[in-house]
Amino acid sequence: MSLPTPKANAMADNRTTMELGAVLPATATVQDTHLFIGGVDMVELAHQQGTALYVYDEEDLRERMRAYRSSFNRLHPNSEVIYASKAFLNKAMARIAAEEGMSLDVSGGGELAIARAAGFPADRVYVHGNNKTPEELEEAITAGVKCIVIDSRIELARVSQIAERHGITQDVFMRITPGVEADTHEYIRTGMEDSKFGFTMRDDFAFKCIDDVLAASHVRLAGIHMHIGSQIFALHSYREAVAVAVDFIARIKKTYDYTIDVLDVGGGVGIAYQASDQPASIEEFATLVCESVDEECAKAGIENLRILCEPGRSIAAIPGVTLYTVGILKTLPGIRKYVAVDGGMSDNIRTALYHADFEAVLANKADQPRTEVVTLCGKHCESGDAVVLDGSLQHPELGDIVCVFGTGAYCQSMSSNYNGQVRPAVVFVRDGVARVVTRRQTYADLVACDID
């Protein structure tokens, strides 16, 4: 794996940190050349806690949760917003979600275990995954989760058998793939026909499975679920998918005289990873989704359909940043300027995985313009190990503190111990106070599971 060819049009910009707009956490400021978030000096925090370091603006996290709930509830008072915990989850995050009235989407036994350890109410937990093991289904059902989103006939049978053994009837959603190819990276599209997720609509397969779902003795079909992908800017994709899902619900009513009460529309709106990105707002997204559902329900004669939404990235990404220390500088004339940091693909796999773009600044020079084009590379034994490719940065020097924005989603949750790198600590900042909510791993943690 190697880096892509240098961007021919890569050029520095002269903007200072505060002109980066939508990529900044809500409380970001510059004071005496230093970047502050949540009233905390990022340079001092890096020196105190070490780097690499994940930092979250707690107030921004909470405000985004509130924005989703208020936007959907204003249009549909009976709607529900479910935080997609795969974006980022630890016990502190689960507790914030609970305090802000969110439900929780978990995709495996580990995420469910974190939620339970945090005391998150099981009756507000929705369980996802295309291959939930029998053990994970057992854990979910005995925990009393709200709903299991079934992904196949095999899983349907497993859920029914486990629920029967425990003498309960388990609520399930049936996940369909609406055949909508969202305008996003192919790795994070999930609603097209060629997908490992859900019941395909091709050849009317999903509808042919309704008999099985309704006949399952210890399962109640409570809703229909869809998810067309992540990081979507073109909202018309949601409108198209909603039309498919509502028509599916109407056919179930007409054929089986069975009323579906809930439509889960999947993930939330895309976010700005670069200053030039212009995603829709949470309010605009909620309006389009709710209006689309209302319009399609009116056509189909469906009343009181409850709307659920599962944002993750658009809640966690922007409030989160990663801090690094510059360790090596290397210029290859006519090719690239490398700035090596004490992290990389072990704490942010997204760039290596699909060339994700991020904005970065030097936290100790945050008032200065970003006059140089550099590649922030990691410390790992892979040529493709990079955090920012051909991005703008202030003039770098050894020991500078780098802050990479928009890393709050799918970085910590996808982190690894590659090359024996310990996973970074996680710090929440708010009102001038920094609190460590996940400690940094130690070398002892790396060998804790090994047997002598």
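Predicted model: local features only at pLDDT ≥ 70, side-chain atom pairs only at ≥ 80, totals over all residues.
Residues are numbered from 1 along each chain as its sequence is written, and side-chain values use heavy atoms, with hydrogens and water left out.

The protein chain is divided into domain 1 (17-57 + 318-447) and domain 2 (76-316), with bounds that come from an automatic or database domain assignment. The centres of the two domains, taken over C-alpha atoms, are separated by 33 Å. Contact (heavy atoms within 4.5 Å) involves 24 residues of domain 1 and 19 residues of domain 2. Interface size is often expressed as the accessible area lost when the parts come together. Domain 1 and domain 2 bury about 1900 Å² between them, 60% of it on carbon and sulfur atoms; this buried area is the accessible area (1.4 Å probe) that two parts lose on being put together, summed over both. On the side of domain 1 that touches domain 2, α12 (350-354), β20 and β21 (433-438) each supply at least two residues. Here helices (H or I, at least four residues) and strands (E, at least two) are DSSP runs, numbered from the N terminus.

According to UniProt, in an unreviewed entry, K86 carries the annotation "modified residue: N6-(pyridoxal phosphate)lysine". UniProt positions are given in the numbering used here, feature names are shortened, and annotations may be inferred rather than shown by experiment. K86 is placed in the loop between β5 (80-84) and α3 (91-99) and is partly exposed, with a relative accessible area of 31%. In this scheme buried means under 20% relative accessible area, exposed over 50%, and partly exposed in between (1.4 Å probe, protein chains only). Apart from neighbours within four places in sequence, K86 is in contact with D105, S107, E111, Y410 and S413.

The unreviewed UniProt entry also lists R313, R350, Y354, E382 and Y410 under "binding site". These residues span 98 residues in sequence and the farthest two C-alpha atoms are 26.8 Å apart, so they do not all gather at one spot. Y410 lies in the loop between β19 (401-405) and β20 (425-430) and counts as buried at 13% relative accessibility. Residues up to four places away in sequence not being counted, Y410 touches K86, A87, R313 and R350. E382, by contrast, occupies the loop between β17 (372-377) and β18 (386-393) and is partly exposed at 30%.

Salt bridges (a side-chain nitrogen of Lys or Arg within 4 Å of a carboxyl oxygen of Asp or Glu) number 27 by this rule, although the count between domain 1 and domain 2 is zero. In one of them, the closest N and O atoms of E58 and R435 are 3.2 Å apart. This pair links distant parts of the chain, with E58 in helix α2 (residues 58-75) and R435 in strand β21, 377 residues apart. E58 is buried, at 5% relative accessibility, whereas R435 is partly exposed, at 38%. E63 and R66 also meet in a salt bridge, at 2.8 Å from N to O; being three residues apart in helix α2, the two are separated by about one helical turn. E58, E59, R62, E63, R66, E99, E100, R430 and R435 are linked in a network of salt bridges.
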